[in-house]
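Dear colleague,

I am handing over the structure we spoke about, and below it you will find my notes on what turned up when I went through it. Please read them with the model open beside you.

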Amino acid sequence: MAETNKSEYLVGVDFGGTKILAGVFDATLNCLGRTKVSTKSERGQSEVIERIARCVQDAVDECDLNMKQVRGVGLGAPGAVDPQSGEVIFAPNLKWEDVPLKEDLEKQLGVPVFLENDGNICLLGIHETELKGKPRNVVGVFLGTGIGGGLIVEGNLYSGFNRTAGEIGHMVIEVGGPKCGCGNRGCFEALASRTAIFRTIQSAVKDGQKTILTEMLGDELKDLRSGDLRKAIRKGDKFTEKVIEDAAEYTGIAVANLINIFNPEVVVLGGGVIDALEDEMMAIIVETAMDYAMSGTTKGIEIIASKVGDDAGILGGAVLARRETQ
Ligand SMILES: [Zn+2]
């Protein structure tokens, strides 16, 4: 009797500046279980890599499986990533340079690991599940701790000459604007990421700005989350509303630039900021994008918010691992 293939499960990992999320999937992409831990990037790269490995092992264990039953791990990492060498080339949020993440994880986990930029991997997950693999030209824009992007051109992930394409968070949209983690000024990420939004709010509060947020969380705005911004806006906080409107407008301008360059069929937005503030931001993003994109280029283009939420990264990781091990 032929032995069944025991290594049939896939693990997708979403590894960001704030948290690490691992999900275990079967071959048809049903999620069987997931684990989440904080990244603790301040503890240094080897400890972070150990935390990723432990998060994967815990997720597998939670599903009453073992690593021998795992066919592959697909991992999205922030910043410029080389999927071929498996290295994180530069991740400003983590202060990482040339880190052999794939090799280190394969040593610790004993299964094949496949690495991609986090924006690309989120887009891969959304494209395969939510968009059913249909549109051949798609741009993904993900607003979280940083801003990630992904590009599907003519049906394939577009990675570019040094395989680092899709760094749309570092598209400069305000010359001389606020300083970005990458060293430049005025990057999209320095204007509309959660980090940028929180920084704007915190410095205004320090300068005496009144907001419902301090009533909710205290003057230090400790443990501020994107969901708090939504609550404040719904309670009528005009200051927070304006900060979010500005971030949505910058996002719309970035989307217009992407439409002008790639002419995608679908622009999909996601990430923690969009998940929490979709109702407050999407209409402004769409209106601004349509306004700024060159006239005649936007006909039939859809600009949508992903419904996959936090799962985009782990789903994409599973899709990548399935592809690479087929
Ligand atoms: Zn930048």
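Strand β6 (residues 87-91) and strand β7 are joined by three bridges and run antiparallel, and within this pairing F90 has E97 of β7 as its bridge partner. Please keep in mind throughout that this is a predicted model. The two strands belong to an open sheet of three strands, in the order β5-β6-β7, whose pairing is antiparallel. Because β5 (80-82) and β7 (96-99) stand at the edges with a single partner strand each, one side of each is left without a neighbour in the sheet. From one strand to the next, the twist averages 15 degrees. Strand β7 also holds D98, a residue that has a positive phi of about 50 degrees although it is not a glycine. For context, most residues other than glycine have a negative phi.

The other sheet I looked at is an open one of five strands, ordered β3-β2-β1-β4-β8, and its pairing is mixed. Here β3 and β8 are the edge strands, each with a single partner, so one side of each has no neighbour in the sheet. Neighbouring strands are turned against each other by 15 degrees on average, direction ignored.

Going through the pairs of this sheet, β1 and β2 are antiparallel and share six bridges, with V13 finding its bridge partner in A22 of β2, and the two strands form a hairpin that has three residues between them. Strands β2 and β3 also pair in the antiparallel sense, over seven bridges, and F25 stands opposite C31 in β3. They too form a hairpin, with five residues between the strands, and L29 in its turn has a positive phi of about 70 degrees.

Helix α2 (residues 101-109) lies across β1, β4 and β8, and it runs at about 150 degrees to β8. Helix α3 packs on the sheet as well, where it touches β4 and β8, and its direction makes about 100 degrees with that of β8. Helix α10 (residues 312-325) has 14 residues that should span 20 Å at 1.5 Å a residue, which agrees with the 20 Å between its end C-alpha atoms. Eleven of the 14 residues of α10 are buried, which leaves this helix mostly covered; among them are I314, L315, V319 and L320, and R322 is buried too. The buried residues of α10 pack against β1 (9-15), β2 (19-25), β3 (31-38), β4 (70-77), β8 (113-117) and α3 (118-128).

In another part of the sequence, helix α5 (residues 194-206) has 13 residues and reaches 18 Å from its first C-alpha to its last, close to the 18 Å expected at 1.5 Å a residue. Its buried residues are A196, I197, F198, I201, A204 and V205, and they pack against α4, α6 (212-217), α7 (226-234), α8 (238-262) and α9 (272-292). After α5 comes G208, whose phi is positive, near 100 degrees. L221, which is found in the loop between α6 and α7, likewise has a positive phi, of about 50 degrees, although it is not a glycine. With a relative accessibility of 2%, L221 counts as buried.

Finally, there is the zinc ion, whose protein donors are H170 (ND1), C180 (SG), C182 (SG) and C187 (SG), at 2.0 to 2.3 Å from it. The angles among the four donor atoms are 104 to 123 degrees, and the site is tetrahedral. Along the sequence, the donor residues are spaced H-x9-C-x1-C-x4-C. Both H170 and C182 lie in the loop between β11 (156-157) and α4 (189-192), so the pair ties together parts that are twelve residues apart in sequence. C182 is partly exposed, at a relative accessible area of 26%.

Best regards

Technical notes:
Residues are numbered from 1 along each chain as its sequence is written. This is a predicted model: local features need pLDDT of at least 70, side-chain atom pairs count only at pLDDT 80 or more; totals for chains, interfaces and linings use all residues. Side-chain values use heavy atoms; hydrogens and water are left out. Donors are N, O and S atoms within 2.8 Å of the metal (3.2 Å for Na, K and Ca); water is not among the atoms, so sites may look incomplete. Four donors count as tetrahedral if all angles lie between 85 and 135 degrees; four count as square planar and six as octahedral if opposite donors are over 155 degrees apart and all others between 65 and 115; anything else is irregular. Helices (H or I, at least four residues) and strands (E, at least two) are DSSP runs, numbered from the N terminus. Buried means under 20% relative accessible area, exposed over 50%, partly exposed in between (1.4 Å probe, protein chains only). Two strands pair if DSSP finds at least two bridges between them. Axes are lines fitted to C-alpha atoms, for helices over the stretch in contact, and angles run from 0 to 180 degrees between N-to-C directions. The expected span of a helix is 1.5 Å times one less than its number of residues. Contact means heavy atoms within 4.5 Å.
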